[in-house]
Amino acid sequence: MAEMGSKGVTAGKIASNVQKKLTRAQEKVLQKLGKADETKDEQFEQCVQNFNKQLTEGTRLQKDLRTYLASVKAMHEASKKLNECLQEVYEPDWPGRDEANKIAENNDLLWMDYHQKLVDQALLTMDTYLGQFPDIKSRIAKRGRKLVDYDSARHHFESLQTAKKKDEAKIAKAEEELIKAQKVFEEMNVDLQEELPSLWNSRVGFYVNTFQSIAGLEENFHKEMSKLNQSLNDVLVSLEKQHGSNTFTVKAQPSDNAPAKGNKSPSPPPDGSPAATPEIRVNHEPEPAGGAAPGATLPKSPSQSSLPAVVVETFPATVNGTVEGGSGAGRLDLPPGFMFKVQAQHDYTATDTDELQLKAGDVVLVIPFQNPEEQDEGWLMGVKESDWNQHKELEKCRGVFPENFTERVQ
């Protein structure tokens, strides 16, 4: 019996909701046809327009900030690789090796600190700021529905009052429903009338704090990075002083058709003829008096006719995971719209629910965006091969990722 009662309540609630939707729909139709007046509040409508504009601007700022953070991460990786290269070529017996290694370590730490502070002081603040919009947006929509309920109750009450044959009981009930609908609407309306202007005015302080934080962090970062670069320069100047006798000279070699004397620049070679190759001369010791400097000259490049042919590998187009124009073998094991594969060269930490979390070595199957207008420059849509093989469900597995963290493999 309790179960039946519960089911009865649920069924009654569903029926009530259906009736509300039907009544609202009828009221909106009558308003559009001009057969029923609609309560208007131009001041509130302006607040809603401001709210939508503020939400759009905030969403764009959040998106661009994430792109900026991804670029900082990529620059950090590039800087780290460059410093690793310096450490490898810096021979053990050269002066300043320990200092150069320490500078590389501090460089890495500085990049990490900069990225983390941007996340803490800008991105997380941005997420908190935008977190208040969904609830208010939902309440604005609910206010709109309650306004339609209020107008409908008002029109029903007025029609009963103006009827030729009046039913006092129905009029009393309609008046009661009107008062109730008006109260619900006005409570929501008053709250939003206070909150929306306050939220709109808060945007100024938020933008100021956000960009001040970013500017201050970037300024401090470049100051500290400048100090490290100066220290590295000092180390290299010291190395140059101790090995100053070893010079490196690049000297242009004239073309075969150039005159033996004179200062004219050689003309560009005609089509099909070999291009002039500059002579690279390395002097390890001072040039002895009256003698030619020892050096090594690179031979000229061969003619274009002797160069190996360039082979361009093409990939067959795929439609819904099937190879078009191939040998007929289907690619049903691949996701719909599959274009090509890439492999992650670095770890990537996702900063949003629509992004892929990547580890170096992960293979990603790249697919097109459902809406091409949503694709940002430098970002791709895909699904990790391991996830696809396991689930075969795009909705659960797909996400966006920065292209510069990957390399195309197929």
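This report walks through some charged, aromatic and backbone features of the structure above.

The model is predicted, so local features need pLDDT of at least 70 and side-chain atom pairs count only at pLDDT 80 or more, while totals for chains, interfaces and linings use all residues. Residues are numbered from 1 along each chain as its sequence is written, and side-chain values use heavy atoms, with hydrogens and water left out.

**Salt bridges**

Let us begin with charged partners. How many salt bridges does the structure hold? There are 15 salt bridges, each being a side-chain nitrogen of Lys or Arg within 4 Å of a carboxyl oxygen of Asp or Glu. Here are some of them.

| Pair | N to O distance |
|---|---|
| Arg154 and Asp151 | 2.9 Å |
| Glu385 and Lys341 | 2.8 Å |
| Lys396 and Glu393 | 3.6 Å |

Arg154 and Asp151 share helix α4 (residues 133–161), where they sit 3 residues apart, about one turn of the helix. Helices (H or I, at least four residues) and strands (E, at least two) are DSSP runs, numbered from the N terminus. Are these two partners buried or exposed? Arg154 is buried, with a relative accessible area of 13%, and Asp151 is buried too, at 1%. In these terms, buried means under 20% relative accessible area, exposed means over 50%, and partly exposed is in between (1.4 Å probe, protein chains only).

Glu385 forms a salt bridge with Lys341. Glu385 belongs to helix α6 and Lys341 to strand β5 (residues 340–344), so this pair ties together parts that are 44 residues apart in sequence. Glu385 is partly exposed at 22%, whereas Lys341 is buried at 15%.

**Aromatic rings**

Next come the rings. Rings of Phe, Tyr and Trp (its six-membered ring) pair if their centres lie within 6.5 Å; planes under 30 degrees apart count as stacked, over 60 as edge-to-face and the rest as tilted. The count by this rule is 10 aromatic pairs. One of these is the stacked pair of Tyr129 and Phe206, with 3.8 Å centre to centre and 5° between the planes. Which parts does this pair tie together? Tyr129 lies in helix α3 (residues 97–131) and Phe206 in helix α5, so the pair joins parts that are 77 residues apart in sequence. Tyr129 is buried at 6% relative accessibility, and Phe206 is buried at 9%. Both residues belong to one aromatic cluster, made up of Phe51, Tyr129, Phe133, Phe206 and Tyr207.

**A patch of negative charge**

Now for the surface. Glu186, Glu187, Asp191 and Glu194 gather there in a patch of negative charge. Such patches are made of residues with over 30% relative accessible area and no salt bridge, like charges being joined within 9 Å and nonpolar side chains (Val, Leu, Ile, Met, Phe, Trp, Tyr) within 5 Å. Glu187 is found in helix α5 (residues 168–242) and is partly exposed, at 46% relative accessible area.

**A backbone detail**

Finally, look at Lys392, which has a positive phi of about 60° although it is not a glycine. Lys392 lies in the loop between α6 (385–391) and α7 (394–397), and it is partly exposed, with a relative accessible area of 42%.

Key
Accessible areas come from the Shrake-Rupley method with a 1.4 Å probe; for residues, only the protein chains shown count as cover. Lys and Arg count as positive and Asp and Glu as negative; His and the chain ends are not counted. The place of a charge is taken as NZ of Lys, CZ of Arg, CG of Asp or CD of Glu.
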